[in-house]
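Me: Please take me through the terms applied to this model, setting each value against its criterion.

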Amino acid sequence: SEYITIPTPQGNGNIKGYLVRPASAAATAKLPGVLVIHENRGLNPHIEDVARRFALANFMAFAPDGLTSVGGYPGDDDRGGMLFGTVDRAKMTEDFVAAAQWLKARPDSTGRIGATGFCFGGGVANTIAVRLGADIAAIAPFYGAAPAAADVPKIKAAVLVHHGGEDARLVAAWPEYDRAMTAAGIVHEGHI
């Protein structure tokens with residue numbers, strides 16, 4: 001595992017993230033990749049652990065820190081949440097899109113990537129599926145905001161949605177997202 005900073009010309013300039021590959025994989029082995037996107041707190045230890053779990057399952061995982069432009073994850077979630085509100089959201093989205101494109105293009109990547117995210121990160125996973133189209137194979141958003149219905153046909157990835165039953169806003173929005181994906185012929189399922 002290592003921390004890497006990559007350029008994000010359309011975003012905040014660059015984004016730092018945590019890159020993990022399986023210890024058992026040869027340095028030259030090509031692996032599928034998973035982008036792991038944090039909640040609205042930054043790249044905390046929990047998200048780093050999720051990335052390591054993907055490496056244990058033979059994926060290369062990259063967990064970018066959306067707080068890079070404000071000094072990175074500050075070491076606790078409360079301060080991370082306060083810093084999160086100070087980052088330009090549109091530029092942060094571009095940082096994550098660039099991170100997905102970077103992961104896909106790495107020489108040690110098979111070129112097949114997926115994304116998962118939690119809360120804010122789940123919404124980013126949905127956005128990345130819209131933005132990357134056929135360049136991303138699968139997404140698994142946990143509690144993420146759905147993309148605009150007009151953008152759903154741009155998704156070519158398989159989609160696995162998870163929402164908490166007590167999150168009334170997302171539960172209420174799920175049927176429309178489900179219908180839009182069905183109409184667009186997207187392989188998908190959702191769980192509440």
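Me: Which residues of α4 are buried?

Reply: In this predicted model, the buried residues of α4 are Phe120, Gly121, Gly122, Gly123, Val124, Ala125, Asn126, Ile128, Ala129, Val130 and Leu132. The term applies because each has under 20% relative accessible area.

Me: What makes α4 largely enclosed by the rest of the structure?

Reply: Of its 13 residues, 11 are buried, and α4 is therefore described as largely enclosed. The elements that cover these buried residues include the strands β3 (31-37), β5 (109-118) and β6 (138-142), together with the helices α2 (77-84), α3 and α5 (168-183).

Me: How do the axes of α3 and α4 cross, and which residues make the contact?

Reply: The axes of α3 (residues 89-105) and α4 (residues 120-132) come within 10 Å and cross at roughly 65°. The crossing is right-handed. From α3, the contact involves Arg89, Met92, Thr93, Glu94, Phe96, Val97, Ala100 and Gln101; from α4, it involves Phe120, Val124, Thr127, Ile128, Arg131 and Leu132. By class, these residues comprise 8 nonpolar, 3 polar and 3 charged.

Me: Why is the pairing of Asp108 and Arg21 called a salt bridge?

Reply: The N to O distance between their side chains is 3.0 Å. The criterion is a distance within 4 Å, so the pair qualifies. Asp108 lies in the loop between α3 and β5, and Arg21 in the loop between β2 (13-20) and β3; the pair therefore ties together parts that are 87 residues apart in sequence. Asp108 and Arg21 are both buried.

Me: Are Arg53 and Asp49 buried or partly exposed?

Reply: Arg53 has a relative accessible area of 45%, and Asp49 has one of 30%. Both values fall between the cut-offs of 20% and 50%, so both residues are partly exposed. Their side chains meet in a salt bridge of 2.9 Å, N to O. Arg53 and Asp49 are 4 residues apart in α1 (residues 45-56), so about one helical turn separates them.

Methods. Residues are numbered from 1 along each chain as its sequence is written. This is a predicted model: local features need pLDDT of at least 70, side-chain atom pairs count only at pLDDT 80 or more; totals for chains, interfaces and linings use all residues. Side-chain values use heavy atoms; hydrogens and water are left out. Axes are lines fitted to C-alpha atoms, for helices over the stretch in contact, and angles run from 0 to 180 degrees between N-to-C directions. Helices (H or I, at least four residues) and strands (E, at least two) are DSSP runs, numbered from the N terminus. A crossing is left-handed if the near helix is turned anticlockwise from the far one by less than a right angle, and right-handed if clockwise. Contact means heavy atoms within 4.5 Å. Ala, Val, Leu, Ile, Met, Phe, Trp, Tyr, Cys and Pro count as nonpolar, Asp, Glu, Lys and Arg as charged, and the others, Gly among them, as polar. Buried means under 20% relative accessible area, exposed over 50%, partly exposed in between (1.4 Å probe, protein chains only).
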